[in-house]
Amino acid sequence: MNRKKRRRRRVILIALLLILSSLAAYLPLHVFPYIREVAENQVVNAVSGAITDAVTEQLRFGTVDYSRVIILERDVSGNVTALRTDMAQVARLKAEVFEILDDLVLQIDEREIGIPVGSLVFPGLFAGKGFLIPVRIIALTTSNADFYSDFSDAGINQTLQSISMTFTVNVTIHSPAGKQNVDVSSNVIIAQTVIVGQVPQTMLSLN
């Protein structure tokens with residue numbers, strides 16, 4: 001009887017070892033890449049929303065004087081002859097947005113970016129269901145912002161000037177698949193102005 005029990009235990013132990021070995025080979029090859037992909041998509045969506053929220057908050061409470069970001073120069077007849085960009089105001093805008101964004105990104109809840117276990121097991125039937133596999137943003141490592149001014153027709157003898165900024169951040173996230181870095185870019189329009197008359201042919205930048 002004891003021998004039979006020992007044999008059963010050996011068989012069970014061998015079966016468990018085989019299962020664990022199979023999982024150890026299967027997870028890195030099939031499950032982990034999927035976790036990384038889903039985690040990256042969810043982080044991109046969450047951080048993009050945080051960028052928009054940071055710009056909105058800056059527009060409402062920031063110290064930037066938007067009337068000085070782009071200054072229109074006119075001739076004696078009132079025609080716009082040039083645009084001047086005050087880069088000091090632009091730099092202040094960038095700094096204030098990133099200060100707000102840093103706090104918003106680190107406040108993103110795991111429940112916003114966790115991966116439902118059902119999305120990994122039979123996703124066709126259980127997608128979005130089950131407990132969440134945690135995904136955490138652990139750092140916002142680098143950030144950058146590029147400033148753009150574009151023109152488009154807005155009617156007869158009218159031009160719409162759109163001032164926008166493309167914010168790019170790199171965040172480090174942690175999931176069961178390990179750590180990974182994710183780049184997130186989002187373009188946000190911060191001001192629009194209708195220019196009546198000829199479009200200026202010159203744009204100047206003030207340091």
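Which side chain does the side chain of Thr166 join through a polar contact of 2.8 Å? Hi everyone, let's start there. The partner is the side chain of Asn187, where a polar contact is a pair of N or O atoms within 3.5 Å; within protein, one must be able to donate a hydrogen and the other to accept it, and residues adjacent in sequence count only if both atoms are side-chain atoms.

A word on the model before I go on. This is a predicted model, in which local features need pLDDT of at least 70 and side-chain atom pairs count only at pLDDT 80 or more, while totals for chains, interfaces and linings use all residues. Residues are numbered from 1 along each chain as its sequence is written, and side-chain values use heavy atoms, with hydrogens and water left out.

Now the overall layout. The protein has 4 helices and 8 strands, in the order α-β-β-α-α-β-α-β-β-β-β-β from the N terminus. Helices (H or I, at least four residues) and strands (E, at least two) are DSSP runs, numbered from the N terminus. Of the 207 residues, 32% count as buried, meaning under 20% relative accessible area, with exposed over 50% and partly exposed in between (1.4 Å probe, protein chains only). Contact here means heavy atoms within 4.5 Å. Among contacts between residues at least 6 apart in sequence, 65% join residues at least 24 apart.

Back to Thr166, which sits in strand 6. Its relative accessible area is 18%, so Thr166 counts as buried. Leaving out residues up to four places away in sequence, Thr166 touches Asn144, Ala145, Asp146, Tyr148, Ser186 and Asn187. Strand 6 as a whole is mostly covered, with 14 of its 18 residues buried.

What about the neighbour of strand 6? Strand 6 and strand 7 run antiparallel and are joined by 18 bridges; two strands pair if DSSP finds at least two bridges between them. They form a hairpin with 2 residues between them. In this pairing, Thr159 stands opposite Ile195 in strand 7.

Ile195 also takes us to strand 2. Val80 and Ile195 are 115 residues apart in sequence, but their C-alpha atoms are 7.9 Å apart in space. Val80 lies in strand 2 (residues 80–86) and is buried, at a relative accessible area of 5%. Strand 2 runs antiparallel to strand 1 (residues 70–74), with 5 bridges joining them. Ile70 faces Thr85 across that pairing. The hairpin has 5 residues between its strands, and Gly78 takes a positive phi near 90° there.

Next, the aromatics. Rings of Phe, Tyr and Trp (its six-membered ring) pair if their centres lie within 6.5 Å; planes under 30 degrees apart count as stacked, over 60 as edge-to-face and the rest as tilted. That rule gives 1 aromatic pair. The ring centres of Phe98 and Phe167 are 5.7 Å apart and the planes stand at 80°, so this pair is edge-to-face. Phe98 belongs to helix 2 (residues 87–106) and Phe167 to strand 6 (residues 158–175), so the pair ties together parts 69 residues apart in sequence. Both Phe98 and Phe167 are buried.

Finally, the core. A nonpolar core is a set of buried Ala, Val, Leu, Ile, Met, Phe, Trp, Tyr and Cys residues joined through side-chain atoms within 4.5 Å. The largest one has 43 residues, of which Val47, Ile137, Phe167 and Val171 touch the most other members. Helix 1 gives the most to this core, with 11 residues. Thanks, everyone!
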